[in-house]
Amino acid sequence: STGATHPLALAPVIAPPSTVDGFVREFLQNLNLERGVTLSASNPNDRYIALAYTVRDYLVARWLEDQRRQRETQAKGVCYLSAEYLLGRQLDNNLLASGLTDIATDALAACGIDIGELRELEVEPGLGNGGLGRLAACFIDSLATMSVPNVGYGIRYEYGIFRQTFVGGQQVEQPDAWLSLGSPWEFPHPEAAQTISFGGHTETYDDGGVTRNRWVPGWDVEAVPYNYMVPGYQNGRVNTLRLWSAKATNSFDLRVFNSGDYEEAVRAQTFAENISKVLYPEDSTPQGKELRLQQQYFFVAASIRDFLDHQLLPDFDLTKLPERVIFQLNDTHPVIAVPEFMRVLTDEKGMDWDAAWAITQQCFAYTCHTLLPEALEVWSVDLLGRLLPRHLEIIYRINEEFLVAVRERFGDDEMRIRNMSIISEFPERSVRMAYLATVAGAKVNGVAELHSQLLRDKVLPDFDEFYPGKFTNVTNGITPRRFVRLANPQLSGLITEALGGGWLTDMERLRELEAYAEDPDFRAAFAEVKAANKRRLNDVLLARDGFEVSDGHMLDVMVKRLHEYKRQMLKLLHIVTAYEGIVSGAVAASDVQPRTFIFGAKAAPGYAMAKRIIHLINAVGSVVNDDPRVEGRLKVLFPPNYNVTLAERLIPAADLSEQISLAGKEASGTGNMKFALNGALTIGTDDGANVEIRQLVGDDNFFLFGMSEPEVEGLWARGYKPSEFYQADDHLRRAIDLIASGAFSDGDKSVFEPIVSNLLYDDRFMVLADYSAYIDAQAKVDAAYADQDAWTRSAILNVARCGFFSSDRSMRDYIERIWHTPPSL
Ligand code: H53
């Protein structure tokens, strides 16, 4: 308490009045007071910032109130630990959440400002790579909307995911300086910085007759929290996203003073601040760099300290922690939180090991997002020991006790012991973070039914046997606020007209649309919405990239990170086949169903094959688009820098959603859900959440093709020779030969030779094996599209039957199966 007596200081904070005049006043005030300009002297950025501040002002009162109540009730909450949050633009979402969209639009119009123009000024915070980061953003939206106490913890990267440009069709990365004009959505709290230590050594000491170990760190940095509001959808609830930024500690200044080596001291400062400088741009292929481990420890150590020191009441009984909090580990990236938590409880809080371990095993849960072995992080013991020596000791002890228990259960089965050990010995001694998380977590979940099954059967079978009941599934979801309501306002309007309000927070209600699928007027209205979304996309692409989407074309869209397992190459072979058919004269252009193929994909900067595939997509595009023989019936567009903002424009306009990964490789996918909920039909393999989408929408409304996961395994076992598929299939051979001939590289055969030989002699992701099934399925797509009315009916049924994929449902599943954190307040 401040001891304040003024009545205004005692009353709860009051939000400004929700009227157009009230909004105008607040907006102008923010222009004057925060930007120091009058309306007439303001530039667009001033106006955007003042608008953002105005929206913020309405939410802040709720936010402060929620924080106060959370402290008071101490209800159990979720600390979501994630190295990535791919948030997308904030302005529209926060307007929608606060119910201010119309008022703000009118208020700005009254000031002579088009709010749409200000919207376009916001640089989206791209603090994530792909699915995993976007999932975290959807989850915190749902938790706020469901009034579940939650703090999202992460890193405030100064540079988010790189901006992709194309030079001669090849990807060139530009830094994403998203903060260069400042962000009006963040609340920095340098005064609340935490000191985070690294390096040094450990020592034993005598603690009243007991010998204990402790850490004597070598250097430290400050972790400065930046808070972001996470408003629920029109429920008056605002949760917090707390992102940490690294700053040099004063000890660096001291060194300047002592050594007089100013330059060296400044260098050291830069070194510390590098920790939160840049997001690693690898999605599911981590490179094991030291700085990445620094990032991971930096943010989880700050988050745990923040929770224990600032979210708990001062006299909190730590043995009660499992009733108060669950730390959800989003993939292996935050798993170093486990030994950190143990260190704090034992070394700092003086708890004995067994008690601390019992608490830890109830306070953590782990979500695995992959099956790719290269995505499961391991840290060499050498590196861990240098950076976090005490944590390595703790990991060793956890492992020792775990292996004792394994021996008790299974006997001295050395093979099994070696397979289950948290420490692997080859190729170098290292810590398997997924194993550590599995041993420590109360629950381990996969992200789609198939994925969770494979996780238990193939990746962690010994653990599943050892820990019955620990493994579970929570199928991913997406927030309908951003990906339906904001991205597709016209479809949302149509649904509300049919069903009334309320569906946006109760997506199972979309089922009621099934009846409307039989209504010709509704179908016509639905088709008109799709057409309008295509026109809107056309405007966006024209302004952004100078592209035009032709009328009457089917829009066939594949947007996701570029990865071989996702098989953009398969899509490309389909396009080349269609093109080859026309130029060889086998197919008359006039008989081709007009299609525009749209790609969006970033490749990790060090992933050479992925970058080559990007080059090839662009190369095929320029040849196909310019060839008069095609008569404009096939078009390939690849707008650069696919991000959340572009996704929000592309997805509502799509007719066909490409989800064509090799079965058993895509853990879930979430783009697949976004497309289906916006009325695109899916062509897809039986992989990830595609399986569940198909089960829900029905086989008639989904184009399934390709090998199943067991069939993939069978083919590997028999010995896969891609060249046999090449030899056996005329179309495939002609498509590959065309690429090999240099037809897309001005006759230079060497440019795409590595792609061709990879396909013919390696083809880890079995593109050639699934090619002919894919081509057949695409023929079915063409045939289905010819009956527009039937297509529209299927599209409506996709929307009606995919309410399950709301992230609100995912959150309910987590709450019921893992967290046990009921809504509160
Ligand atoms: O996570 C998504 C899944 C998707 C999976 C993705 C992912 C990453 O984006 C990064 C690392 C990782 O291990 C997994 O590839 O299938 O939908 C959200 O669960």
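Which helices each supply at least two residues of the lining of the largest cavity? Helix H7 (131–145), helix H25 (644–650) and helix H26 (671–677) each do so, where helices (H or I, at least four residues) and strands (E, at least two) are DSSP runs numbered from the N terminus. The views below show a predicted model, in which local features need pLDDT of at least 70 and side-chain atom pairs count only at pLDDT 80 or more, while totals for chains, interfaces and linings use all residues. Residues are numbered from 1 along each chain as its sequence is written, and side-chain values use heavy atoms, with hydrogens and water left out.

**View 1. The largest cavity holds about 800 Å³ of space.** On a 1 Å grid over the protein atoms alone, a cavity is a set of points where a 1.4 Å probe fits but cannot get out, a pocket is an open set with protein on both sides within 12 Å along at least five of seven lines, and lining residues have an atom within 4 Å of a point. Grid points are joined across faces, edges and corners, and a volume is the space filled by probe spheres set on the points. By this rule there are nine cavities of 30 Å³ or more. The lining of the largest cavity counts 47 residues, and those nearest its centre are Gly130, Gly131, Leu132, Asp283 and Lys566. H7 gives the largest share of this lining, with four residues. Sorted by class, the lining of the largest cavity comprises 17 nonpolar, 16 polar and 14 charged residues (Ala, Val, Leu, Ile, Met, Phe, Trp, Tyr, Cys and Pro count as nonpolar, Asp, Glu, Lys and Arg as charged, and the others, Gly among them, as polar).

**View 2. The second largest cavity has a volume of about 170 Å³.** Its lining is made of 15 residues, with Leu87, Gln90, Asn93, Ala137 and Val230 closest to the centre. Two or more lining residues of the second largest cavity come from each of H7, strand S11 (219–231) and helix H19 (480–486). This lining divides into eight nonpolar, three polar and four charged residues.

**View 3. The largest pocket contains about 680 Å³ of space.** Among the 29 residues that line the largest pocket, Arg89, Arg544, Asn641, Asn643 and Thr645 are the closest to its centre. Strand S5 (163–167), helix H22 (520–545) and H25 are the elements that give two or more residues to this lining, and the largest share, six residues, comes from H22. The lining of the largest pocket has eleven nonpolar, six polar and twelve charged residues.

**View 4. H22 packs against helix H33 (residues 788–801) at an angle of about 85°, with the axes 10 Å apart.** Because angles of 65 to 115 degrees count as roughly perpendicular, with those under 35 roughly parallel, those over 145 roughly antiparallel and the rest oblique, H22 is roughly perpendicular to H33. Axes are lines fitted to C-alpha atoms, for helices over the stretch in contact, and angles run from 0 to 180 degrees between N-to-C directions. On the H22 side, Phe522, Arg523, Phe526 and Ala527 meet Asp789, Thr792, Arg793, Ala795, Ile796 and Val799 of H33, contact meaning heavy atoms within 4.5 Å. This contact of H22 with H33 has six nonpolar, one polar and three charged residues.

**View 5. Six strands form an open sheet with parallel pairing, in the order S22-S21-S20-S23-S24-S25.** The edge strands, strand S22 (634–637) and strand S25 (703–704), each pair on one side only; two strands pair if DSSP finds at least two bridges between them. Strand S20 (residues 554–559) and strand S21 (residues 595–600) run parallel and are joined by six bridges, and Leu555 has Thr596 in S21 as its bridge partner. Helix H23 (residues 568–583) packs on the sheet and touches S20, S21, S22 and strand S23 (656–659), its direction making about 150° with that of S21.

**View 6. Strand S9 (residues 201–207) and strand S10 (residues 210–216) run antiparallel and are joined by seven bridges.** Asp207 has Val210 in S10 as its bridge partner. The hairpin of S9 and S10 has two residues between the strands, and Gly208 takes a positive phi near 55° in this hairpin.
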